[in-house]
Amino acid sequence: MRIEEELKLDYSDVLFRPKRSTLKSRKDVNLLRTYRFKYSKNEWSGIPIMAANMDGVGELSVAEKLNDHGMITCLTKQHDVKKIKQNKNIKKMYSNIALSVGIKKEDFENLDKVLKEFSFFKFICIDVANGYSEHFTNFVKSVRDKYPTKTIIAGNVVTADMTQELVLSGADIVKVGIGPGSVCTTRIQTGVGYPQLSAVIECADAAHGLGAHVIADGGCTCPGDVAKGFGGGDGGVARECISKNFNFIDWYELDPEVVDVCNKHLGDIGRKATEKNSVKCVWGDAFESIKSVSDDTYDHIFVDLNDDQFCIDLAAKNMDSLVRILKPKGVITAQVGSQDKKPQQVENWLNVFNQNFGNAKLSRVYIPSFDCSWNFSSSINH
């Protein structure tokens, strides 16, 4: 057994530090969001709150109420063709319903019957208490192969590595949380679990790096915990780090929420420095998108990937493409994480830069939203 000594947090361990706001009231907060999903390519707009697939919660009667507010209901696994047919409003609310399935043969057979009868359903939730098994990963792959246009939710997991595994296996959304719920017995019966806020932060970071999303499942005891869940799944560092001296920005982003922030705020920041600022946002697979970019296009490239080894390897694999679109004497910069917390990861990033450019320099920037310093590596394209 190995004891992890790094600090891990539940919702009850933290509070938001207040900041200035232009809103007059908390009632003015707009929760409506639009998401586009990695594999299904479907779009969904609404309030990103979901009723869990628990008995008495994931029911059609609940779905009718939540649909009025643009929220999703994840039905229990017991919803078969007969039960769904009994609801006369199903075609009015199907876009806000997810069908649940376990990993047993009979569960999959029931899902197949439901989708043959009601092909308009867009969400499939593959649900197990603990998603750390090879069988679960293979099941996700099989569902993706059979239903390529459906948006697949898979879980539950609590770590970055398994989040990446599920996304690479075909999940559009990863459900995060093992044992945080008040009635969940997983932690009590098995001793397995992970503090929920840390799980959401780490899994969201991993999912966003691959163009996928997460759902924070469980652990909320009050409305403030829901807000913390949203904060934990937030989009990243880059919005704090764009230079005011850029006149034109092409933003290749994996997370549509980040793009939304850029559209609303980044242009304003830039206009304070220049009247010629413009921001073009492209989201999807960033490395696929830049294949169509002409050689020697950019003066400066900013790489906003996670500081884990998977993303370091991803950047190394695609470094030739980045060099190709960077002008001679252009500068490439990457956020490489915290040297205080993960010195080896920072060193690995520097090695990638030195292998390709040979002149990597490390700088340190204070990030207000993290309330800590972050390291950045920069190189000149010779």
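## Around Leu-166

Let's start with one residue and look at its surroundings. Leaving out neighbours within four places in sequence, Leu-166 touches Phe-136, Thr-137, Val-140, Ala-154, Val-157, Ala-171 and Val-174, where contact means heavy atoms within 4.5 Å. This is a predicted model, where local features need pLDDT of at least 70, side-chain atom pairs count only at pLDDT 80 or more, and totals for chains, interfaces and linings use all residues. Residues are numbered from 1 along each chain as its sequence is written, and side-chain values use heavy atoms, with hydrogens and water left out.

As for the word "buried", the cut-off is under 20% relative accessible area, while exposed is over 50% and partly exposed lies in between (1.4 Å probe, protein chains only).

## Strand β8 and its partners

Now for strand β8, which is covered on both faces. On one side sit Ile-173 and Lys-175, on the other Val-174 and Val-176, and all of them are buried. On one flank of the story is β7: four bridges join β7 to β8, and the two run parallel. Strands count as paired if DSSP finds at least two bridges between them. Ile-153 stands opposite Ile-173 in β8.

How does the chain get from β7 to β8? The path goes through helix α6 (residues 160–168), and this β-α-β crossover is right-handed. In other words, with the strands pointing away from the viewer, the path from the first strand over the helix to the second runs clockwise. Strand β8 also runs parallel to β9, joined by four bridges, and Val-174 stands opposite Val-214 in β9.

## Salt bridges

A search of the whole structure turns up 11 salt bridges, each being a side-chain nitrogen of Lys or Arg within 4 Å of a carboxyl oxygen of Asp or Glu. Lys-175 is buried, at 4% relative accessible area, whereas Asp-217 is partly exposed at 23%.

Another salt bridge joins Lys-146 and Asp-112, also at 3.2 Å from N to O. Lys-146 belongs to helix α5 (residues 134–146) and Asp-112 to helix α4 (residues 105–117), so the bridge ties together parts 34 residues apart in sequence. Lys-146 is partly exposed at 42%, but Asp-112 is buried at 14%. Both belong to a network of salt bridges that links Asp-112, Lys-116 and Lys-146. Then there is Lys-83 with Glu-59, whose closest N and O atoms are 3.9 Å apart. Lys-83 lies in helix α2 (residues 81–85) and Glu-59 in the loop between β3 (50–51) and α1 (60–67), so this pair ties together parts 24 residues apart in sequence.

Most residues other than glycine have a negative phi, and most peptide bonds are trans. Where does this model have a cis peptide bond? The bond from Gly-155 to Asn-156 is cis, with omega near 20°, and Asn-156 is found in strand β7 (residues 151–157).

Two residues other than glycine turn up with a positive phi. Asp-296 has phi near 55° and lies in the loop between α11 (286–289) and β12 (298–303); Asp-296 is partly exposed, at 42% relative accessible area. For Lys-329, phi is near 70°. Lys-329 lies in strand β13 (residues 326–337) and counts as exposed, with 61% relative accessibility.
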